[in-house]
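Thank you all for coming.

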Amino acid sequence: GNESGNVYRRSEKAAGSCTGAFEAVGEILTGEQFDSNIAVYPAGKYTADVEAKTVKVNIPTYQPSRDNSFSVGSVPSVAYTENQSLAFKNAAALLKFTVKGNNVKGLVFFGNNGEAVSGDVMVSLNEDNTVKSVVAQETTITENDVTETKLITWAKVWAQTADYCFVEGTTYYLSVVPQKFEKGFGVELEIDGVGLKKVKNLETEYDLKPNTILNLGELEYKAPAVENNNWGIA
């Protein structure tokens, strides 16, 4: 959507691919009203400052899984135009992973320095219309019947499958706010019947750029071995 009232929608055929055609919905406004505009995918109501080339979008905190792809609408893309030609730039980063085992219900990602990794974000574009910055904003969220407005320091992809567990060996993605993680980041798996268990922890600085994919590899939770104490009760 944009200041002039034009709304752009990505075709279903292109959904999930790197490139695709967009079609305008409703009346196309021309002339001075189309001198400059910001367009956003997915279509919706957005707060934008066209002159400053900024727009507020959202990276969902909870994302249902899709086999070999990311959750629909979880990767906002932004375009600036002065002539109706749109070149969309992804404003999120993707985490790629597979799991080992058939008892993993979800994956949670967080920064080790309390960084905000999901929710509302302000996207700014450079003069050449590439992404200049993506800055997390305070977001209203309801957890356990309590509604708060705050920076959200985690993002989760949950298994949208028949048994609500990820399929072993299938590739999944989680969309997060790109930024510099000064103290690294952590990854937890939600294990059926066990709860959240940390499976990866990077303790060094890592700069996660917009429009990039970080491969976390194959993730597995190994339960601690039970020691044999060589005693019992008769």
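The chain exposes about 13,100 Å², of which carbon and sulfur atoms supply 45%; accessible areas here come from the Shrake-Rupley method with a 1.4 Å probe, and for residues only the protein chains shown count as cover. Please keep in mind that this is a predicted model, in which local features need pLDDT of at least 70 and side-chain atom pairs count only at pLDDT 80 or more, while totals for chains, interfaces and linings use all residues. Residues are numbered from 1 along each chain as its sequence is written, and side-chain values use heavy atoms, with hydrogens and water left out.

The average pLDDT (the predictor's confidence in each residue, from 0 to 100) is 88 for the chain, and 82% of the residues score at least 70. Over residues 1-15, however, pLDDT stays under 50, although the model has 46 contacts (heavy atoms within 4.5 Å) for them beyond four places in sequence. Where pLDDT is low, the predicted coordinates should not be read in detail.

As for the fold, the chain has 21 strands and zero helices, where helices (H or I, at least four residues) and strands (E, at least two) are DSSP runs, numbered from the N terminus. Of its 234 residues, 41% count as buried, meaning under 20% relative accessible area, with exposed being over 50% and partly exposed in between (1.4 Å probe, protein chains only).

Let me turn to strand β16, residues 172-176, which is largely enclosed by the rest of the structure because five of its five residues are buried. Y172, L174 and V176 lie on one side, Y173 and S175 on the other, and both faces are covered. Strand β9 (residues 93-99) pairs with β16 in the antiparallel sense over five bridges, pairing being called if DSSP finds at least two bridges between two strands. Within that pairing, S175 of β16 is the bridge partner of L94.

Elsewhere, three strands form an open antiparallel sheet in the order β3-β7-β8. Here β3 (37-41) and β8 (89-90) stand at the edges with a single partner strand each, so one side of each is left without a neighbour in the sheet. Strand β7, residues 77-81, pairs with β8 over two bridges, and V78 has K89 in β8 as its bridge partner.

Finally, Y62 is found in strand β6 (residues 62-64), and it counts as partly exposed because its relative accessibility is 37%.
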